[in-house]
Amino acid sequence: MASRSREPRIQRATILDVAAAAGVSRQTVTRAMNDMPGISSATRERVQQLAAELGYTPSRFAKGLVQGARISLGLAIPDLTNPYFPAFASSVVEEATQRGWNVVVDDFGHGSGSGLDAVTRLAPQVDALVGYLGERSSDAQTMMGRRPVVVLDYPAGRAAGGICFDYSYGAGLALERFQAEGRRRIAYLDSDQEGPATTRGVAVAAAAAGAGMEIIVRRSADSAPAARDEVRGILAEHGGIDGLLVFNDLMAAGALKGLHDAGRAVPEDCGVIGMDGIPLGELVTPELTTLALDLRAVGRSAVDLVDNLLSGAIHPGSAEANLVLKHQLVLRQSA
């Protein structure tokens, strides 16, 4: 194995890199990137093409127009109306601020936006990127060039690094809890945001199969009202479920409402377990048992990984650049 000292350092492409690659002066690069007169159209196109290949974009932060921002970090978030994402974003901002970094946040989850749209907007401004980019992760790294991209909750692909969560472990904890309470009619409410099943849904199904348990699986939109409606449908169709595992805590709050609507007491008639561990879980009645992530640890891990990728302490795509974090079962009133 090559020693760490021989691993390449990741650094943002500079105007000098573009000038050297194009065989032109720094001033010519400036003219080309800003569509200024004084150079031929052929030179302008060649410089712009090389800049794109190197991942170079003029950055107002890199020029020092934001005082005190040694590094500018992009954060691509799919939906800031979901309480999980502000909590995660806050943890990233806290860690980055302690390093004197600037954070630029893009919420891309409304309308027809995608993670790659967020990268397009962020790339001219940032030195590295953290985000929930899903299947566009590799495309995001291509767009960012040599600047590191750290992907959350999805295989990193060609991205420099990633942080995934061990949903199989978490699902096992939840199902063991239901079994310990003597619950046998278990349902899982998944989100319909990803294809036939989410990563969490696949993990829950595998954990149930491994434990020899049959579970009822239903899906709904990733919102409390949608989950409330779907739970009422589950109860109308299947009646006596006595355990319900839910894709996230926001949907679990809606599930509690659905059970209440149907006259089902929690946890006496049906235990409920959510996922993520956001503060909302302590504000509902009964308080929500959940598979919790330490969101401060997630934010710290993401920023630490970016820092190490930028410094060259960790090689992009290496085992060290791909982290797996585990949930912990936080027992409250609902199960």
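**A helix and its setting**

Modeller: Helix α7 covers residues 167-180, and its 14 residues at 1.5 Å each should span 20 Å, which agrees with the 20 Å between its end C-alpha atoms; the expected span is 1.5 Å times one less than the number of residues. Helices here are DSSP runs of H or I with at least four residues, and strands are E runs of at least two, numbered from the N terminus. The model is predicted: local features need pLDDT of at least 70, side-chain atom pairs count only at pLDDT 80 or more, and totals for chains, interfaces and linings use all residues. Residues are numbered from 1 along each chain as its sequence is written, and side-chain values use heavy atoms, without hydrogens and water.

Buried means under 20% relative accessible area (1.4 Å probe, protein chains only). In α7 that applies to Y167, G170, A171, G172, L173, A174, L175 and F178. Just after α7, G182 has a positive phi of about 80°.

Helix α2, residues 26-33, has T28, V29 and A32 buried. Seen down the axis of α2, these fall within an arc of 100°, so they line one face of the helix; the arc is taken from the directions from the helix axis to the C-beta atoms. Their cover includes α1 (15-22) and α3 (41-54), by contact, meaning heavy atoms within 4.5 Å. D35 follows α2 with a positive phi near 50°.

The protein as a whole has eleven helices and twelve strands, and 48% of its 335 residues are buried.

Conventions
Buried < 20%, exposed > 50% of the residue type's maximum accessible area, 1.4 Å probe, protein only.
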